[in-house]
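The sequence and structure come before the text.

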Amino acid sequence: MDSSVGPTRQLLRLRGRSYVAFVFAPVVPIVGWLEEVDATLARSPNFFVGKPIVLDLSAVDLSQSAISHLIKSIEQRNIRVLGLEGVDHVHVDAGMPPLLTGGRPCALQPAEPQPPKRETKPQETSLLLDSPVRSGQSVIFTEGDVTVLGSVGSGAEIVAGGSIHVYGALRGRAMAGVNGNSSARIYCQKIEAELIAIDGYYQTAEELDGSLRSKPAQARLEGKIMRVTPLN
Amino acid sequence: MAKVLVVTSGKGGVGKTTSTAAMGAALAQAGQKVVVIDFDVGLRNLDLVMGAERRVVFDLINVVQGVAKLPQALIRDKRLENLWLLPASQTKDKEALTEEGVGRIIEELRGTCDWVLCDSPAGIERGAMLAMRFADEAIIVTNPEVSSVRDSDRIIGMLDSKTVRAEKGERVEKHVLIARYDPARAARGEMITIDDILEILATPLLGIIPESQDVLRASNIGSPVTINSPASVAARAYADATKRLLGEKVPMMVPHERKGLINLLLGRRAA
């Protein structure tokens, strides 16, 4: 009998993810280009705050020490260099940011001042009814599920974009998935429904299996066929 | 401050008017100052059941239209001095009934008596809506039949949405009164059971009134059964329901078939 349990090994999980970064492409003369950067910083000192950049060196031919000097000059201006691009790996030493490949250009919108976010309530996706739904009442909620804590009376009607849950007897009509949601279902504690429908497919009380009557049941669609099965 | 109670059902012929008269009289017998109002404009009956049909001068519509003052239209019962009737009009069109006018009458009565009983017409039209509009409490009269129970369910839904109280976010206190209960048919399983009715309506039970010749006889001679034959089973059931309405705890009696003397003798002989 082996009761010892070896140390469980954590699996190392790697995930790919892509980000948008600014790319600097210095041109010769480097000194002139750095003056341009300084001019930009003078106009808007916070322009590069929180925006790490990638240095694209394909337009210039620099030695390893020149690259190292350029990176230092940029970092002195409080701009962080995330990586290098367009340079042979022999010119890159361990102290430099890593060499990046596979970058794709993308259009960058100048950051427009965001309109102040309006306090909007998140869209309700379910409706809870605390009392029975009486004969003649019609509850229509196309945004999602409807839950009734009580019965749905004969002659009452529930229309839901999602599923319908009735914690009581369902004696009226229940129409789920009216927006074309064929995975919507209908659940109730006592099925005595006049009509149940999911995504347009319906069944009347007459077609309902008599052995299910007054029992907990769920209805769902299997292709184009409605299946009403006992719950639990 | 009076309590305004609507007696309603949705379905016709279930016993609203009979129950209004019987319970109005029973409340008056219990010392309460009661006004019963007939809202069935065009088909008034409450005056007949109360035995006041020959004393009608002004009616509800006259008061609504300002032709008569409320005290002129109220008819005092001859047997009970603290029971009044405001009859409906038999000739006028029911469109003459306005919410503003009814509201004014109810407001005036609230200050002067203990109970205002509104006898609702059948249906869910204007008359029925205005009868329940200002109610604080409601008695839903139901017969043990599926059609009656479903109509009651509909009316309960309206009490929860179309009344002034409901619109203010308050509750109308609701009671179910099961009328025309036939113990013999119930024993044979020919009627929907009381448990089923209460399960469907999800509303507390106020009383069970048996189908009774005493009730029919009382209606025909224009005297509420609680005045005409107070010892009868139906009258006692109404009296018990009235006590519950006044907040007393009275055990619920389910009417059962009384064995005739012959049956009893046969039963003994067989034993």
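This is a predicted model: local features need pLDDT of at least 70, side-chain atom pairs count only at pLDDT 80 or more; totals for chains, interfaces and linings use all residues.

Together with L149(A) and Y167(A), L128(A) forms a nonpolar patch on the surface, and the three share about 300 Å² of accessible area.

## Chain A as a whole

Chain A contains two helices and 14 strands. Of its 232 residues, 34% are buried. The chain exposes about 15500 Å², and carbon and sulfur atoms supply 52% of that area. Among contacts in chain A with a separation of 6 or more, 31% are between residues 24 or more positions apart.

## Confidence

The predictor assigns the complex an ipTM of 0.74 and a pTM of 0.69. For chain B the mean pLDDT is 92, and 94% of the residues in this chain reach 70 or more.

## Nonpolar cores

The largest nonpolar core has 49 residues. Those with the most contacts inside this core are I37(B), F39(B), L86(B), L97(B), L109(B) and V116(B). Helix α7 of chain B (residues 146–159) gives the core its largest share, five residues. A second, separate core has 37 residues, including L85(B), W115(B), L206(B) and A237(B).

What does L97(B) touch, leaving aside its neighbours within four places in sequence? The contacts of L97(B) are F39(B), V41(B), L60(B), I61(B), V64(B), V102(B), R126(B), G127(B) and L130(B).

## Salt bridges within chain B

Side chains of opposite charge can pair when their charged atoms come close. Over all chains, the count of salt bridges is 24. One of them joins E137(B) and K3(B), with 3.2 Å between the closest N and O atoms. This pair links distant parts of the chain: E137(B) belongs to strand β6 (residues 137–142) and K3(B) to strand β1 (residues 3–8), 134 residues apart. E137(B) counts as buried because its relative accessibility is 4%, and buried means under 20%. K3(B), at a relative accessible area of 37%, is partly exposed.

The salt bridge of E107(B) with R110(B) has an N to O distance of 3.7 Å. Both residues lie in helix α5 of chain B (residues 99–110), three residues apart, or about one turn of the helix. E107(B) is partly exposed, with a relative accessible area of 48%, whereas R110(B) is buried at 12% relative accessibility.

## A helix-to-helix pair and a network

E167(B) and R133(B) also meet through their side chains in a salt bridge, at 3.0 Å from N to O. Here too distant parts of the chain are linked: E167(B) is in helix α8 (residues 164–167) of chain B, R133(B) is in helix α6 (residues 126–133) of chain B, and the two are 34 residues apart.

Key
Residues are numbered from 1 along each chain as its sequence is written. Chains are lettered from A and ligands numbered from 1 in the order in which they are written. Side-chain values use heavy atoms; hydrogens and water are left out. A salt bridge is a side-chain nitrogen of Lys or Arg within 4 Å of a carboxyl oxygen of Asp or Glu. Helices (H or I, at least four residues) and strands (E, at least two) are DSSP runs, numbered from the N terminus. Buried means under 20% relative accessible area, exposed over 50%, partly exposed in between (1.4 Å probe, protein chains only). pLDDT is the predictor's confidence in each residue, from 0 to 100. Patches are made of residues with over 30% relative accessible area and no salt bridge: like charges are joined within 9 Å, nonpolar side chains (Val, Leu, Ile, Met, Phe, Trp, Tyr) within 5 Å. Accessible areas come from the Shrake-Rupley method with a 1.4 Å probe; for residues, only the protein chains shown count as cover. Contact means heavy atoms within 4.5 Å. A nonpolar core is a set of buried Ala, Val, Leu, Ile, Met, Phe, Trp, Tyr and Cys residues joined through side-chain atoms within 4.5 Å.
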